[in-house]
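Q: I would like to go through this model with you, one topic at a time. Could we look at it together?

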Amino acid sequence: MLSRPAASDDAAPAARAVPVAAADDAARWLEPLRSQGPARERAVAELHALLLRAARFAVRRAGGGGAHLRELHEDLAQQSADDALVALLGKLDAFRGESRFTTWAYKFAVLEASVALRRHAWQGREIPLERDGWLALSDGGVSPGEQAQTGELLAALRDAIADGLTSHQRRVLVAVTLDGVPIDVLAERLGTTRGALYKTLHDARRRLRAALARRGFDLDPVDREEPR
Amino acid sequence: MSERLDERVRRLLGPAGPEITCEECFERIDRYVELELRAGAAGADAEIPGMAAHLDGCPACAEEHATLRALLTSRPGS
């Protein structure tokens, strides 16, 4: 159970067919970006255009189409590209050349655009942090033959969520895994960071796994390492 | 167990193996995606252990990984 479909070991055909970027020499970017004057200004403008392309791609991919959304999406993409540029320039010395410079740059725009879209989608929406959503964890939809097996597992899970977690762990776990609240949206509402909340989620999951293992459920190994 | 139920339980329990953090994921996602595209998932997972498990357990990082990968394989102008 709980096995993930095996990932394909084949490189994506599209990646082989289409070069990522024609001129992607890191030095071509780094030297002018670290300089002063017109050369730097030109490089910054070119970099912003690159980030804007990535931000538009991310917004279009996650935000869907529709003419009524075009203006909003363009605003989000522009703001994301601006924010990504500031973040990237502040971390220029962290570029170690482990990937192409453009790939490294793209990730800043993808992050900013993805976060902006998720926050926009949840703007004004209430996050029911005290809802006992886990109590509704039922085996509805399974065949009668499966009900005994799954009923036992779900009962054990409900017990573990009720008794084995702190209230903070419980509300983070339920919000993120059952209610589908994006972790960065939840982090913003709770005044914390995405990394800190993921650590909470990780600890909660480890406790659930340990509780189920103690009750004899044959899960994957529970001796997981702490996220560092 | 039904697929729907299995998915809910899987989301609750998260990945079984060791995983990296969201911060480490962001630091290395560019390298990871390039490795995936060049050498396949197995090659990427071998070089950056814990990344695949993290992407399995963190929907936000998984979404950003999928977007970056799609961007790199998109045609210019798309």
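Q: Which helix holds A52(B)?
A: In this predicted model, A52(B) lies in helix α3 of chain B, which spans residues 51–57.

Q: Is A52(B) buried or exposed?
A: A52(B) is buried, because 22 other C-beta atoms lie within 10 Å, and the cut-off for a buried residue is 20 or more.

Q: And how far is A52(B) from R28(B)?
A: Their C-alpha atoms are 12 Å apart, and 24 residues separate A52(B) from R28(B) along the chain.

Q: Turning to chain A, how many helices and strands does it have?
A: Chain A has nine helices and zero strands. Read from the N terminus, its elements are therefore α-α-α-α-α-α-α-α-α.

Q: What share of chain A is buried?
A: Of the 228 residues in chain A, 32% are buried.

Q: What about contacts between residues at least 24 apart?
A: They account for 68% of the chain A contacts whose residues are at least 6 apart in sequence.

Q: What are the domains of chain A?
A: The domain assignment gives domain 1 as 24–122 and domain 2 as 133–214. Four residues of domain 1 of chain A contact four residues of domain 2 of chain A. On the domain 1 side, the touching residues are two nonpolar, no polar and two charged.

Q: At what angle do α3(A) and α5(A) cross?
A: The axes of α3(A), residues 38–63, and α5(A), residues 101–122, cross at roughly 45° and come within 8 Å. That angle is why α3(A) counts as oblique to α5(A).

Q: Left-handed or right-handed?
A: The crossing of α3(A) past α5(A) is right-handed.

Q: Which residues meet there?
A: From α3(A), the residues include L47(A), L50(A), L51(A), A54(A) and A58(A). Among those they meet in α5(A) are A105(A), Y106(A), F108(A), A109(A) and L117(A). By class, the contact of α3(A) with α5(A) comprises 15 nonpolar, three polar and one charged residues.

Q: Now α8(A): which of its residues are buried?
A: Helix α8 of chain A runs over residues 183–190, and its buried residues are I183(A), D184(A), V185(A), L186(A) and A187(A).

Q: What covers them?
A: The cover for the buried residues of α8(A) includes α5, α7 (167–178) and α9 (194–214) of chain A. Helix α4 (59–72) of chain B is also included.

Note on methods. Residues numbered from 1 in each chain as written. Chains lettered and ligands numbered in written order. Predicted model: local features only at pLDDT ≥ 70, side-chain atom pairs only at ≥ 80, totals over all residues. Axes fitted to C-alpha atoms, helices over the stretch in contact; angles between N-to-C directions. Helix = DSSP H or I, 4+ residues; strand = E, 2+ residues; numbered from the N terminus. Parallel < 35°, antiparallel > 145°, perpendicular 65-115°, else oblique. Left-handed = near helix turned anticlockwise from the far one by under 90°. Contact = placed C-beta atoms within 7 Å. Nonpolar A, V, L, I, M, F, W, Y, C, P; charged D, E, K, R; others polar. Domains from an automatic or database assignment. Buried ≥ 20, exposed ≤ 12 C-beta atoms within 10 Å, placed from the backbone.
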